[in-house]
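Subject: Structure handover

Hello,

Please find the structure below. My notes on it follow.

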Amino acid sequence: MIKFPTHNKKLKDWVTKMAKLCQPDEVVWIDGSEAQKIILEKEALANEEIIQLNKEKLPGCFLHRTAIDDVARTEHLTFICTKKKHDAGPNNNWMSPKAAYKKARAIFKGAMRGRTMYVIPFSMGPVGSEFSKIGVELTDSRYVVLNMLIMTRVGELVLKQIEKEDNFTKCLHSKAELDINKRLILHFPEDNTIWSVGSGYGGNVLLGKKCLSLRIASHIARKEHWLAEHMLIMGIEEPNGHIEYVVAAFPSACGKTNLAMLVPPEGLKVKGYRIWTVGDDIAWMRVDSDGTLWAINPESGFFGVAPGTNSKTNPNMVETVKKDTIFTNVLLKSDKTVWWEGADGEVPANGIDWQGRPWKSGLKDVNGKPVLGAHPNSRFTVPIMNCPSASFRLEQHHGVPVSAVIFGGRREHLAPLVYESFNWQHGVFVGSTMASERTAAQVGQVGEVRRDPMAMLPFCGYNMAHYFRHWLDMGKKMKKAPKIFHVNWFRMDESGKFMWPGFTENLRVLEWILDRCNNRVEAYKTPIGYVPYPADIDLTGISLSDGALEKLLEVRKDDWVGELKGIKKFFSEFKKDLPLELWDEYESLSQRLKTSE
Ligand code: OXD
Ligand code: MN
């Protein structure tokens, strides 16, 4: 007999039906309390789902290891299940809802036998905010529960909200047998439903994150006239105390998290900048009654990539993960602290690697390849409030006003350090033609270049041509739309070295962006957009080689003529659905390149 702490019939009926399908031994409702969390941690420790880390050095921290073939989002097993294939678009894998439910139901059937089904009522965004959406995740994984308690707002207040709204996203997850051949991540936007089975990796199973906050939310946002985006949100406090907020989209593992919480570089410190972190991964944005764009971060935690995180790349994150953190797939040291490639300090002499095997520094496999201590996509899950730069506006129901939208990618040669689009429509073109290299966060060939419009290719829950149309329409709804920029921290010189120091120094580029938003500097008009005059990027305290900044800002016509081909090929995939405005922008760019010197 299931006990229900809710009167909501929809919720009661759905939990009953799903329990009948999955056949758990018991059903436990998650109330968001500290007492319940402690019980769950104890059970997870006893079952060896998590390992307690050094209580003095890493209080409240645990380590979890996933199955070795379950370490990243599995895009080829991720589907958008709409009645019409066309609604999912060429950008998504598609299955009909009927076929998808049938296929997954066979795996879910009895999958929770001998286990507990946890019911997690959660809110993406502050409970009760106009921006927020409610979900309920059913899962047989304590690891998922413990992570959801960090990443989302969980508990009784949410249940009350469900009674009021009578609406929530139905999220069903089971580890089942953790079998890659029986793994499916299914989205049913027309039913406001997500089914994920056979995985234990965060991006596949913390259903509030990519599944709800991007794939399902993007579908809802189109209908309700707002934007659900794969973007960080950060505030830049200027020396006069005024804070301006920017949002930025980069493909996975291109430094969104590092940028969102950067510490101003030495050379700019005298100017008195301060950074406020609102979010590192997802932005939900609405046009408010003042006719401008406002943003919230629907999440309450970070699910960040560990390798490469250190006091130089991200000192705030190093502080953040010193307590209350769940580490996944990192190296365990003998003193029960953790390590990953690119962490601070010496490489440990030995430890237990992410697969649970003994490891020592310099270890090589039979082919002579280094054996990594931590998986390249190893992660930490930690509350945003732990972060020294956490914004004081995180719980504000209205979010923060957005001055600039920044797109970026990893382009070794093509894109200059920064450029500004001519207007909103051109900015949408810039976002829609974004491209980058594949990273460890996705399964597949690392290094392969792929188009990733607005960094949403793996996350847009509907036909991307319709998504571009939605972006164009949103621009018309604003009295004062944010300016749109493109950045590239990854340009390389002839010898294959990065030309820009990146990380904390990126504030120098943000400074120019804000100067442009406030009409404080002129810019140089090129065929692709406005580019800074070198003198307007403050280089105090860093030394670039002679002419390096000029090279970083250079727009190379031949490269862009080549790029046009790639854009045409990509746009053509959307056939007649692609908004004509984007073809107009394509033609205009081609024309400007022809007529420029
Ligand atoms: C992430 C991703 O995990 O984008 O944030 O892959
Ligand atoms: Mn992401």
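**Ser421 and its surroundings**

A polar atom of the Ser421 side chain lies 3.4 Å from the backbone oxygen of Asn423. The Ser421 side chain also reaches the backbone oxygen of Ile484, at 2.8 Å. Both are polar contacts (a pair of N or O atoms within 3.5 Å; within protein, one must be able to donate a hydrogen and the other to accept it, and residues adjacent in sequence count only if both atoms are side-chain atoms).

This is a predicted model: local features need pLDDT of at least 70, side-chain atom pairs count only at pLDDT 80 or more, and totals for chains, interfaces and linings use all residues. Residues are numbered from 1 along each chain as its sequence is written, chains are lettered from A and ligands numbered from 1 in the order in which they are written, and side-chain values use heavy atoms, with hydrogens and water left out.

Ser421 sits in the loop between strand S26 (418–420) and helix H12 (424–432); helices (H or I, at least four residues) and strands (E, at least two) are DSSP runs, numbered from the N terminus. Ser421 has a relative accessible area of 5%, so it is buried (under 20%; exposed is over 50%, partly exposed in between; 1.4 Å probe, protein chains only). Leaving aside neighbours within four places in sequence, Ser421 is in contact (heavy atoms within 4.5 Å) with His426, Gly427, Val430, Ile484 and Tyr530.

**Thr309**

Thr309 is in the loop between strand S18 (301–305) and helix H11 (315–320). Is Thr309 buried or exposed? Thr309 is buried, at a relative accessible area of 6%. Its side chain reaches the backbone oxygen of Ala306 at 2.8 Å. Beyond four places in sequence, the contacts of Thr309 include Trp340 and Phe380.

**Ligand 1**

Among the 8 residues around ligand 1 (one heavy atom within 4 Å), Arg73, Lys210, His230, Ser252 and Arg379 come nearest. Polar side-chain atoms lie close to oxygen atoms of the ligand: 2.9 Å for Arg73, 3.0 Å for Arg379 and 3.2 Å for His230.

**Nonpolar cores**

The largest nonpolar core has 156 residues, and Phe327, Trp471 and Ile513 have the most contacts inside it. A nonpolar core is a set of buried Ala, Val, Leu, Ile, Met, Phe, Trp, Tyr and Cys residues joined through side-chain atoms within 4.5 Å. Leaving aside neighbours within four places in sequence, Ile513 is in contact with Ala404, Ile406, Val418, Phe485 and Val487. A second, separate core of 35 residues includes Leu11, Val136, Val158 and Val197.

Regards
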